[in-house]
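This briefing sets out the overall build of one protein chain and then turns to a single residue. Please consult the sequence and the model alongside the text.

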Amino acid sequence: MFFDIEITNRCNATCSFCPRDKMPQQGRMTFDDFKATIQRIIEAGNNYRVGLCGTGDPSVHPEMCDFVTYAYEQGVSVEITTNGQLVTRDKAEKLLAAGLRKITFSVTGTDDVYEDIYNLNFEKTRQNILDFRDLAGDSCEIFINLVNYSEYSDKVNIKKLKQYWRNLGFENFEVMKITNRGGAAGWVEVEGQLNSKERVYELMGEYDIKGVCPIAFDTAIIGWDGNYYLCCHDWQHDVPCGHVQTHSVADAMQYKLNRFLNDIPEICPQCNLYPPNYLQRSYTHLRVEYTEEGAFNKYKDIETQIIKQLT
């Protein structure tokens, strides 16, 4: 399981594909809640990854380096995802000294295109990334995260962007598809081409698929206020699932399952990754193309496994 800890939902960028300004409240996680979060993760078991990101940029939080140090002292290795603008040479040295072992820089676009998307200075970000690489050597993995924005802008070419960073010596990439963020980014299309929604629900009935969304169980989201939330697409924090000070990870996951089985959260039908919506558009899972029968059987298998683990 991946634990995504949102130590803040504030950000220094104003990305054109991010609906963060629709969040009802912004803030920073307290050290007490961060400590409780790390202890809940340890309590949950050994098979996990931990990242600092959520809906903001962790570098905005003044205690980010202290958080990384605390986690490392507890035997928990964390990674961070950042736009890199505030990861100066001084902050890079502190993060590496704190025990950081993986960092992902989100840098879709270069020069004017980057600045149009992020409203940040590209040359400053580029230099910060190069400085981090030089300081880190082999002690920390560095990934470049690219948002596949090409469906909505002819100015972004993922292949060319990868080559740009390869020319600078970077080989690790993560490519993310645009989603509608649980309906918060309404300009991303939800409706699909393969089936009508009515037909999808008919097929779900035939395969006895209840509509449990795997995304909510692949990742545990802990918000800046210490609450677990439904998933990474619950941008408006509509579905809290318990607080780290009072609820375990297992408690939060059980709450999520009960909601999917008995009371589907209102945001889910608006999300283009919710199974009925996704199965209108694609029969792909983890980049594997399936037939109609294969796709529905795959979702059934995933759902069955989730329910079995939590009941």
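The chain carries 32 positive and 44 negative charges, whose mean positions lie 3 Å apart; Lys and Arg count as positive and Asp and Glu as negative, with His and the chain ends not counted, and each charge is placed at NZ of Lys, CZ of Arg, CG of Asp or CD of Glu. The model is predicted: local features need pLDDT of at least 70, side-chain atom pairs count only at pLDDT 80 or more, and totals for chains, interfaces and linings use all residues. Residues are numbered from 1 along each chain as its sequence is written, and side-chain values use heavy atoms, leaving out hydrogens and water.

**Overall fold**

- The chain contains 11 helices and 11 strands, taken as DSSP runs (helices H or I, at least four residues; strands E, at least two) numbered from the N terminus.
- The C-alpha trace spans about 60 × 50 × 35 Å along its principal axes.
- Of the 311 residues, 54% are buried (under 20% relative accessible area, 1.4 Å probe, protein chains only).
- Among contacts (heavy atoms within 4.5 Å) with a separation of 6 or more, 72% join residues 24 or more positions apart.

**Glutamate 6**

- Glutamate 6 sits in the loop between β1 (2-5) and α1 (31-44).
- Its relative accessibility is 2%, so glutamate 6 counts as buried.
- A polar atom of the glutamate 6 side chain lies 2.9 Å from the backbone nitrogen of tryptophan 224.
- Beyond its neighbours within four places in sequence, glutamate 6 is in contact with residues including Met23, Cys53, Trp224 and His237.

How values were computed
Buried means under 20% relative accessible area, exposed over 50%, partly exposed in between (1.4 Å probe, protein chains only). A polar contact is a pair of N or O atoms within 3.5 Å; within protein, one must be able to donate a hydrogen and the other to accept it, and residues adjacent in sequence count only if both atoms are side-chain atoms.
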